[in-house]
Amino acid sequence: MSRPLHRGSSGARISGGSQDLWDSQMKDRNEKEDLSKRDSSDQSYPPLKFASQLLHPSNSPSKFTNLENGYASDPCSAGSPRKRHHLIMLALRSSLFLIVILAVTGSLWWTISISTSSRGHIINQHFRDLHARVLSDLWDIGELSLGPTKSRELETCPDEFENYVPCYNISENVALSYSDGNEFERHCGQSVKQHCLVVPPTNYKIPLRWPTGKDIIWVANVKITAQQVLSSGSLTKRMMMLEEEQISFRSASLMFDGVEDYAQQIAKMIGLSNEYELTKAGVRTILDIGCGYGSFGAHLFSKQLLTMCIANYETSGSQVQLTLERGLPAMISSLNSTQLPYPYLSFDMLHCLRCGIDWDQKDGKYLLEADRVLKPGGYFVWTSPITYAHGNSRNKVYKKRWKFIHDFAESLCWELLSQQDETVVWKKTSKTSCYSSRNPGLGPPICSKAQDVESPSHRPLQGCIGGTRSKRWIPIEGKTTWPSRANLNVTELKLYGLHPEDFAEDTDNWRAAVREYWSLLSPLIFSDHPKRPGDEDPSPPYNMVRNVLDMNAHFGGFNSALLEAGKFVWVMNVVPTGAPNYLPMILDRGLVGVRHDWCEGFPTYPRTYDMVHASGLLSLENSQNRRCSMLDLFAEIDRILRPEGWAIFRDKTSLIESARALSTRFKWDARVIGIESNTDERLLICQKPFLKKPSS
């Protein structure tokens, strides 16, 4: 049974440990005057500087100081005390500091003595609770003396940050001489960290609950104009109806069957009766390149298929932004000069419907990259007027381009299954022996070990065939079908160096954690927000949450437990660059994810996730020599979260208390929850408020 420790946001508990920061009472009058000047410039009270550092990470990298939790931060300025009260406040703060030192030292000595006694194991847990309460009270005493130095809430961002995505600054990239499409790619070296609150657009509304929100979104929530809707592709245009306040992706018209007919056509070209049988053919995950507004993936979702949309960064009318607004998987990624951010052999199908990729360019490197991320036996589906070149004998350019692509695909050991109108379906070979049986000099070579990196990060496109040496080279038809694929067997676990017992324990732990999360969230949601205006009473499952970001996914156990519990969510599983790389295993389980450095901005637009989950992430980041602070991490989470969205942190008590204190600067409603099964960890459950633009 979880027990709430605190609600609200009035500081944090001191986790223990301090240092003597002040011996000014031993100095003469001149030194006191110098100290007074330094106090005025530093604007922070020295006796409680360790507490101020814990609460107020700095925006200025030139003032960074290392705290006990390992994050770079500095005191937040809040004004100088009056000189006439300086000596009085000096004595008071010194006294408070000595009280804290004596109390903490005494309590730690008591802990050691209890632990070494014969009955220490019986009362140790009760003592820890008492110890935490004492420290909390001492922190409250220290907080009273802070006065004007108390943590200040962040200011709102300027209007230009409303749809800002870090690492994507086209004008800056052009100034740095990026060209040929590279100016639209991700460049984080020059990205400036912005510590402010991104306020939603005017007239922003909370998205409709799933599945209604899949088909209807609010116009004010996304950056798109009526002209951009009308100028979109023919299939997309038929799937969208722009109304006064909403964009609808559905209609009662009998002519409204473009995507359904298209999906059924693809299934029949593979040799299936309809798209429902794609899972029987081994298809679970699909990479949709240049996905439009996600209608293809939205249709396939009901068929147990998970489609990840990727598209270039766009300043307006974004494919990724609209797809995420509909509650569908999407992320910003471009196929121009660097490899996609996925391991080799990641997806069962690649789909390109007029996606804007010139597959015949760069000597076939785009096709080689498609082959790299495609699983053995996987399908490449391409719809383009180029494939219908034979229908227009006058178009010699299209014929030339089609011949190059057709011949290059054959050299990759792709089998042309079918061609109908503008759509072509190839099947990647399931046998590596095909490459050695090619005529000498025909087609690209096999990648060397140095070239064949499993999980690349911003590496240039390669001119060779990758993944052929991998132990993960298993044809999709040889894998168990979904949903059994999510539960790896003993043989599959050996590929990732895992013991079945460890995997089973992780699975059981996340099943219990998901039950606990939902038992905590449900009453919080419906006590604070029992019913939104205009909404009907919600019925189980409560689909307040649809898009979930797991910032430290590990094996993907949180995602798997959510699906087992019948939660209608999808999870972006992120494997931090400093953690063991289990992303290939996550993708092989039929889930989606990416590897990412959390000191950089995540490739998504603001307000795109309903829930952010971080288990052990603070400890992971703390254990490394990071170039970013906890404030940077929280600012990115706040940018990503939708208004009224939830953030769940699970970590060591000291780090959770630091995070709870920092959450006050973002105006989050933060609650610390005890974990009965683990007295060394806590849960921090936060809800982001629905902020309005300040009146000018």
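What share of the contacts in the chain with a separation of 6 or more comes from residues 24 or more positions apart? Such residues account for 72% of these contacts, a contact being heavy atoms within 4.5 Å. The structure is a predicted model, in which local features need pLDDT of at least 70 and side-chain atom pairs count only at pLDDT 80 or more, whereas totals for chains, interfaces and linings use all residues. Residues are numbered from 1 along each chain as its sequence is written, and side-chain values use heavy atoms, with hydrogens and water left out.

The predictor's confidence in each residue is expressed as pLDDT, from 0 to 100. Its average over the chain is 78, and 69% of the residues score at least 70. Over residues 1-84 the pLDDT is below 50, although this stretch has 174 contacts in the model beyond near neighbours in sequence. Residues 111-150 also stay under 50, with 49 contacts beyond four places in sequence. Where pLDDT is low, the predicted coordinates should not be read in detail.

The chain contains 21 helices and 20 strands; these are DSSP runs numbered from the N terminus, helices being H or I of at least four residues and strands E of at least two. Of its 696 residues, 55% are buried, that is, under 20% relative accessible area with a 1.4 Å probe, protein chains only.

The interior can be followed through its nonpolar cores, each a set of buried Ala, Val, Leu, Ile, Met, Phe, Trp, Tyr and Cys residues joined through side-chain atoms within 4.5 Å. The largest has 91 residues, and those with the most contacts inside it include Leu287, Trp359 and Phe649. Helix α20 (residues 630-640) gives the most to this core, with seven residues. Apart from it lies another core, of 22 residues, among them Ala513, Val514, Met544 and Val569.

Helix α20 also packs against helix α21 (residues 653-663): Met630, Leu631 and Phe634 in α20 meet Leu655, Ser658, Ala659, Leu662 and Ser663 in α21. The axes of the two helices, lines fitted to C-alpha atoms over the stretch in contact, come within 11 Å and cross at roughly 60°.

Helix α17 (residues 557-564) is mostly covered, with six of its eight residues buried. These are Gly557, Phe558, Asn559, Ser560, Ala561 and Leu562. Just after α17, Gly566 takes a positive phi of about 80°.

Methods: Buried < 20%, exposed > 50% of the residue type's maximum accessible area, 1.4 Å probe, protein only. Axes fitted to C-alpha atoms, helices over the stretch in contact; angles between N-to-C directions.
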